[in-house]
Amino acid sequence: MTWSEEELDRAVSPVRGYFTATHLAPNTVLAAWMRSVGTVPTGEDWHYARALLDEGYDFEEAAREVASQSAARPEPPKNNVDKEGTPPVVARSSPPRGGATPSAPAATNLTRRSKPVAELPGSGGLAWYPKVFGPGDIDGTGARRLLGTPHVPLSTVLVRETAQNSWDARTGSQSVTFALHLRTLSERERQVLADRIFTGQATGLGLREALASSSVRVLEISDRGTKGLGGPIRNDLEIPEGMPSNFIDLIMNIGAPREVHLSGGTYGFGKTITYRCSRVGTVLFWSRSMEGDEVEDRLIGSAFGDNFNANGKRHTGRHWWGTVCEDGARVEPWTGNDARAMAEGVFDASFTDHETGTSLMIINPDLGGETSGEASSVCVRAFCGIYGPSYSPRPAVHSPCPSKCCTRVSR
């Protein structure tokens, strides 16, 4: 079904206070209606609402049907863990425009619907790029040591650095949503990661062995209402004055100064924490940013491991997965529709049409808990220790969770 701009304007009028996008489109109107009834326009609820819209439901009907299905879900088990994962910890930066503040939903165990099968690119996948030593290179072991030994748990450093980077990258015209979601991959998601994304030997990481397991856990960290990892994708060329360099600062470089948004921390401190929190040192990045007048999807994998020898060459232990260019001289991310299709096959959080932001997936996370429930509690406690009831100024929205702190706050 198609809508004129006038029809979309009428449709969004009752919920304009929840409209946070910069473009009026069916997806952004639907997202506003979902927020107005207390649901988050991401993941399975978003896919379900889109399907209802395609079936002929109007925006309000689709949003309320999703909300009613959520309300009808069974009560969570006592440990608040389902077989596929744990509820995402979600923070929103500010009330929706127009002054309306939605009430915070109580902490709940999100029973995920079966994920629609994404239409993956027809053939091939990302290519493995292990870095061969060159003049001045630092090996992966040395890069990991840049983090040092913090006096707080790694989970606290992880939340502090990623949340701060998300806040620094805010667009200023939308509320910032920051989410942590610890979950177990479906069998299909695991196969896509093993066969289409993390290809090659991945020497010295233990990644291939981890992805061969029947149960693979990941920690997905997402922000929306942020600028995404934009700018050049090559770090060997001069950057025009005033152009952001978020992508290469976070993905390619070590030692970028903090004043660059999403640089990942001065001299690598925040940059390496996501890898340190992975037992296999591996992270997958999916970002959407405005490149000129167009929204561009970028997908790339990155890892820090030990140095190794292969084919008569010494390798640093740094790895990337993307498009290998110039006969192996460098690597670039997958971009465009293929990148989006591949990412949607494994990430839980999705994007609306013109939405920008970043999602990263930590493979086989080590968060200080043996079980999913324990690890989830570690994340929640870390988040609430920074942005919970003691945070000043006091959060606008605060609701209880099984860890006796909070899972949803507004900053």
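Which residues in α1 meet which residues in α2? Start there. The model is predicted.

**Stop 1: the α1/α2 pair**

Select helix α1, residues 5–12, and helix α2, residues 26–36. From α1, show Leu8, Ala11 and Val12; from α2, show Pro26, Val29, Ala32 and Trp33. These two groups meet each other. Now draw the axes. They come within 10 Å and cross at roughly 10°. Angles under 35 degrees count as roughly parallel, so α1 and α2 are roughly parallel to each other.

**Stop 2: Thr28**

Stay in α2 and pick Thr28. Thr28 has 4% relative accessibility, so this residue counts as buried. Follow its side chain to the backbone oxygen of Ala25, reached at 2.8 Å.

**Stop 3: helix α6**

Jump to residues 154–168, which form α6. Next, colour by accessibility. The helix is mostly covered, with 11 of its 15 residues buried. Among the buried ones are Val157, Leu158 and Val159, but also Glu161, Asn165 and Asp168.

**Stop 4: the cores**

Leu158 belongs to the largest nonpolar core, a set of 32 residues. Leu158 is one of the residues with the most contacts inside this core, along with Leu219, Ile221, Ile251, Met252, Phe285 and Ile362. Centre on Ile362. Leaving out residues up to four places away in sequence, Ile362 touches Leu158, Leu219 and Ile221, among others. Its partners also include Arg217, Thr274, Cys277 and Val283. Then move to a second, separate core of 30 residues, which includes Leu193, Leu205, Trp321 and Phe347.

**Stop 5: Arg318**

Finish in strand β8, residues 313–325, and select Arg318. Is this arginine buried or exposed? Arg318 has a relative accessible area of 7%, so it is buried. Look at its side chain. One backbone oxygen, that of Ile251, is reached at 3.5 Å. The backbone oxygen of Met252 lies 3.4 Å from a polar atom of the Arg318 side chain.

Technical notes: Residues are numbered from 1 along each chain as its sequence is written. This is a predicted model: local features need pLDDT of at least 70, side-chain atom pairs count only at pLDDT 80 or more; totals for chains, interfaces and linings use all residues. Side-chain values use heavy atoms; hydrogens and water are left out. Helices (H or I, at least four residues) and strands (E, at least two) are DSSP runs, numbered from the N terminus. Buried means under 20% relative accessible area, exposed over 50%, partly exposed in between (1.4 Å probe, protein chains only). A polar contact is a pair of N or O atoms within 3.5 Å; within protein, one must be able to donate a hydrogen and the other to accept it, and residues adjacent in sequence count only if both atoms are side-chain atoms. A nonpolar core is a set of buried Ala, Val, Leu, Ile, Met, Phe, Trp, Tyr and Cys residues joined through side-chain atoms within 4.5 Å. Contact means heavy atoms within 4.5 Å. The expected span of a helix is 1.5 Å times one less than its number of residues. Axes are lines fitted to C-alpha atoms, for helices over the stretch in contact, and angles run from 0 to 180 degrees between N-to-C directions. Angles under 35 degrees count as roughly parallel, over 145 as roughly antiparallel, 65 to 115 as roughly perpendicular and the rest as oblique.
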